[in-house]
Amino acid sequence: MPLSPTNYYGSGLEQGYWGLMIVTYPYISGLVAGSFVVATLSQLFGRKRLAPLAPVAAILSFALLLAAPLTIWGDARQPSRVYELITRMHVPWSPMALFLLIWISYVVLMLVELYAVFRADNAARAEWAERPVRAKIAGLLTLGARSRDRRSLRRDERIVRWTAGIGILIAFLFHGYIGFIFGSMKSRALWSSPMMPVIFIVSAIVSGIALVQVAYFGIAKWNGWKIDREIVSELNMWLIGALLFDFYLDMIELLMSGVRAYAPEETYEWFSRLYFHGPLFWTYFLFQLALGVVVPLVALATRRGRASIVNSGVMAVLVLMGVYMMRWNVVAGGQMASKVTNDIVSYPLVWTGYDSVQTVLGVFGVAFLLFLLFAWIFPWKAGFEGTTEPAVTPPAAGPVPTTPATTSPANQPTPVPSTSLMGVLEDGSAPGLLGATRKRDHSGIQ
Amino acid sequence: MDNPQLSSQVGAKHTVSRRGFLGALTAIAAAAGTAGGWVGRAAATTIKPVARPAAAQMARLLAYYRTRPRWASWLVPELNVNDGWQQWMRTILNSKNLPIAHDNFWRLGTTIAQPHHWAMVIDERRCIGCQACVVACKDENNVPVGVFRTWVDVVETGSMVPDPAGPIVTDAGNFRSEVKRSSMPLICNHCDHPPCVDVCPVKATFKRADGIVMIDYDLCIGCGYCIQACPYNARFFNPIQQTADKCTFCAHRLDRGLLPACVTSCPTHARVFGDRNDPTSEVSVLLATQATTVLKEDLGTDPQVFYIDREQEVYDENSTANTVYPYTANLNSTDYATLSGSTPPPAATGGQG
C-alpha cells in the first residue's frame with residue numbers, strides 16, 4: 001500500500017478521529033468516579049470495615065481527577081485555545097462544554113473533602129511530626145484549625161458526610177456526561193443509546209472498586225503490612241454486586257443490538273459485523289465479557305475465593321483490563337462503523353507520538369506521580385496501622401515518647417487535656433465515623 | 001403650622017401623590033413603547049411569503065433554466081448583489097456581524113430575517129461521475145491532499161452473472177457483467193437542524209441566517225466532536241491548519257454574487273444551486289416540480305441538499321449496490337485494502353445477517 005494507515009490523518013474520507021486518548025479519558029474518569037464511590041461506602045453508607053481505605057480511595061480519586069483532563073487536552077488539535085471552554089462555553093447545548101463546570105466543581109469538592117478527612121490527622125502531625133517540613137505542610141493543610149476535640153471531629157465527620165453525598169452526585173455527573181457525549185450522537189449507530197450513561201457509570205464503579213483493591217495490595221506490600229482479609233472480602237462483595245449490574249447491562253446491550261429482530265437495522269448490522277464477525281470479536285467477547293466480567297464473577301463467587309489475596313488481586317487486574325477493553329470497544333467500535341460507506345473503517349493502534357500508547361502511558365504516569373505526591377502530603381495511613389492490632393491502646397503507651405513535644409515519660413497519660421491524638425478520646429472510645437478508623441493514634445506521625 | 005414635623009408630613013403627602021401620577025405615566029409610556037418596539041421589530045423581521053408562480057409559469061421557468069448555460073455564468077441575477085447581504089466585509093471576513101445561530105435553529109426561520117436560504121439540488125440523472133466538481137472544489141478552497149469537501153461516490157448495482165461464454169475470465173469461471181453504474185455526488189448538506197453545530201463546545205461553528213453552516217477556524221479547538229456528530233461525514237480535520245473543516249457552499253463566492261465552484265464546474269448541470277426564498281429560482285422550481293429526496297431523512301437534520309432520482313441508497317447495507325471508488329477512495333478502509341490486493345477478498349456468503 002502506498003499510503004499506510006499508520007499515517008494518522010491518512011488519506012481516506014473517513015477515519016477514526018478519536019484515538020487512544022479518548023479511549024483512556026472515560027477510563028480514567030471512571031476510575032475517578034469509582035474510587036470516590038468506594039470512599040463513600042464508609043463515609044456515607046456506614047461500611048466501617050472499609051473505613052481505612054477511604055482516605056486512599058479519596059487520594060486516588062483526586063490524583064486521577066487532576067490527570068484526567070490531560071487526555072482530552074492532548075487529544076485536541078488546538079490545545080492552546082483551551083481557555084475558550086470558559087470564555088465561549090456553549091452550555092447547555094454541548095455536552096462537552098459541561099466538562100469544565102463539572103470538573104472544577106469536582107476539584108473544589110475534593111479539596112473540601114480532603115481537608116475535612118485529613119484535618120485532625122494533619123493537626124496531629126503538625127504537632128508531633130519529627131521532620132519540620134512535614135509539620136509545616138501539615139500545619140498549612142489544617143488552615144489553622146488544629147483542635148482535635150470531640151466537637152471538631154464531629155464537625156469534620158459532618159463535612160465529610162455532606163461532601164460524600166454531594167460528591168457521589170457529581171461523580172455520577174462527571175462520568176455520566178461522558179457517556180452522554182457518546183450516547184447523544186445520533187450519527188453513530190453504535191453510540192446513540194440512552195443506556196450509554198448508565199453503562200458508563202456502572203462500569204466506572206466496577207473499575208473503581210478493582211483499582212482500590214489493587215492499590216490496597218500495592219501499598220500493603222510496599223509498607224510490609226498484613227493484608228486484612230475482611231477488607232478484601234468486603235470489597236469483593238461490592239465488586240460482585242457492581243459486576244452483576246454491569247453484566248446485566250452488557251447482556252441488555254447485547255440483546256438490544258445483537259439480535260436482528262430487536263435492534264434497528266443499522267445498529268444490528270454494525271454490531272454483528274464488528275463484534276460477531278469482525279475485528280472486535282476478541283476484545284468484546286473474550287477480554288470484555290469473559291475475562292472482564294464472567295471469570296471474576298465465578299472466581300469471587302465462593303467465600304474462599306473472596307478471601308484469597310492472590311485470587312482477588314488477579315481478578316481485580318482482570319476487571320481493570322476488562323473495563324479498559326469496554327472503553328476500547330465503545331470508542332473504537334463506534335468509529336469503525338462507517339457513516340457513509342459500506343466498509344469497516346480501519347482504526348490503527350498508534351504506538352508513539354500523537355494520540356498513542358506512549359501518551360496514554362504518560363498520562364497514567366502523571367496520575368501515579370500525583371498519587372505519590374498526595375500520599376506523601378496527606379496522612380492517610382491512619383486506619384491501616386490500627387488494623388494490625390485489634391485492641392484500642394491508650395495513646396500514650398506506644399509512640400508518644402518519640403514525640404518531642406511532650407516530655408512525659410512512657411506509660412504516662414499525655415498532657416493533652418481532654419483528647420488525645422487522632423481523635424480518640426481518653427476513655428478509649430472513638431467519637432464517630434472518622435475516629436473509629438483511628439484506633440492507633442500515632443499513625444499521623446510519620 | 002407650628003409643628004415642623006407635621007408640616008413636613010403634609011408636604012411629603014403632596015409630593016407622593018404627584019410622584020405616583022408621574023410614575024404611572026412613565027410606566028404606561030414605557031409599556032407602550034416596549035410593546036411598540038416589539039411590534040415594530042416583529043414587523044421588520046417577519047418574512048413575507050411570496051406567492052408561488054402559477055403552473056404554466058413554473059413550466060416556462062423550468063424550460064428556461066434547462067436551456068440556460070449556467071456553468072459559464074458570472075453574475076447570477078437571482079442572487080441580487082444589491083441587497084447588501086453579500087458585502088464581503090460584512091460576511092465572510094466579519095461573520096460576527098451576521099445573524100448566526102449556534103443552537104435553537106428554529107429562530108432562523110422565525111425571528112431572524114432570512115434574505116436568502118441557500119440550497120442545492122443534485123440531479124443524479126445528469127451526473128456522469130467526471131469528478132470535475134471535486135477538482136474544482138479543491139482548487140477553489142485550497143483543500144489539502146487526502147481530504148475532500150465534496151466527493152462523488154460511484155455506485156454499481158447488479159452483479160456478475162456466471163456465464164460460460166462470458167467475457168470476464170476468472171479462476172472461478174467466466175462471468176458476464178450485468179451491472180449499472182450511477183454516481184453519487186456528496187457534499188455538506190447544510191442542514192437546517194445541524195447536530196454538528198449544537199455540539200461544538202466553544203461555539204466555533206455556526207449556521208448563518210442564510211442557511212450556510214460554517215466554521216470559524218480561529219476559534220476551533222480541534223476536539224473532533226462536530227466531525228463525529230455529522231451523520232454525513234461531511235466534516236474532517238484539515239491536516240494543515242489543524243482544525244475541523246468543511247464545505248462552505250463557497251460562501252466567499254456567494255457573497256460576491258457567484259455560484260459555488262462545484263456548481264460552476266459541473267459540465268452537465270447536475271448541480272443546481274439557488275435561493276429557496278425566491279420562488280422563481282431554479283432550485284425552488286425543481287423542488288416544486290420534481291420528486292426529490294434527502295439523505296438520512298429519518299435523523300431529522302433537515303438537509304438542504306436535495307437529490308433527484310436517487311436510484312440507490314448507498315448507505316443501505318442490504319442493498320445490492322456496491323460502492324466503487326475511482327478517485328476519492330476511502331484508503332483507510334477494509335474495502336480499499338481488498339481492492340489494492342493487500343488483503344484477500346472475503347469469501348462469498350449467502351448474504352448478510
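Pro92(A) lies in the loop between helix H3 (84–87) and helix H4 (98–128) of chain A; helices are DSSP runs of H or I with at least four residues, strands are runs of E with at least two, and both are numbered from the N terminus. This is a predicted model, in which local features need pLDDT of at least 70, side-chain atom pairs count only at pLDDT 80 or more, and totals for chains, interfaces and linings use all residues. Residues are numbered from 1 along each chain as its sequence is written, chains are lettered from A in the order in which they are written, and side-chain values use heavy atoms, without hydrogens and water.

**Backbone geometry**

- Most residues other than glycine have a negative phi, and most peptide bonds are trans.
- The peptide bond that joins Val91(A) and Pro92(A) is cis, with omega about -5 degrees.
- Leu143(A), in the loop between helix H5 (132–141) and helix H6 (150–183) of chain A, has a positive phi near 55 degrees.
- Leu143(A) counts as exposed at 69% relative accessibility (exposed means over 50% relative accessible area, buried under 20%, and partly exposed in between, with a 1.4 Å probe and protein chains only).
- Lys296(B) is not a glycine, yet its phi is positive, about 50 degrees.
- Lys296(B) sits in the loop between strand S11 (292–293) and strand S12 (305–308) of chain B, and is buried with a relative accessible area of 13%.

**Helix packing in chain A**

- Helix H1 (residues 20–43) and helix H2 (residues 53–75) of chain A pack at about 160 degrees, with their axes 8 Å apart; axes are lines fitted to C-alpha atoms, for helices over the stretch in contact, and angles run from 0 to 180 degrees between N-to-C directions.
- H1(A) and H2(A) are therefore roughly antiparallel to each other, a term for angles over 145 degrees.
- The contact of H1(A) with H2(A) involves 18 nonpolar residues, seven polar and one charged (nonpolar: Ala, Val, Leu, Ile, Met, Phe, Trp, Tyr, Cys and Pro; charged: Asp, Glu, Lys and Arg; polar: the others, Gly among them).

**A sheet in chain B**

- Four strands of chain B form an open sheet with mixed pairing, in the order S10-S2-S12-S11; two strands pair if DSSP finds at least two bridges between them.
- Strand S10 (271–275) and S11 of chain B stand at the edges with a single partner strand each, so one side of each has no neighbour in the sheet.
- Strand S2 (residues 118–123) of chain B pairs with S10(B) in the antiparallel sense over five bridges.
- Asp275(B) in S10(B) is the bridge partner of Trp118(B).

Technical notes: Angles under 35 degrees count as roughly parallel, over 145 as roughly antiparallel, 65 to 115 as roughly perpendicular and the rest as oblique.
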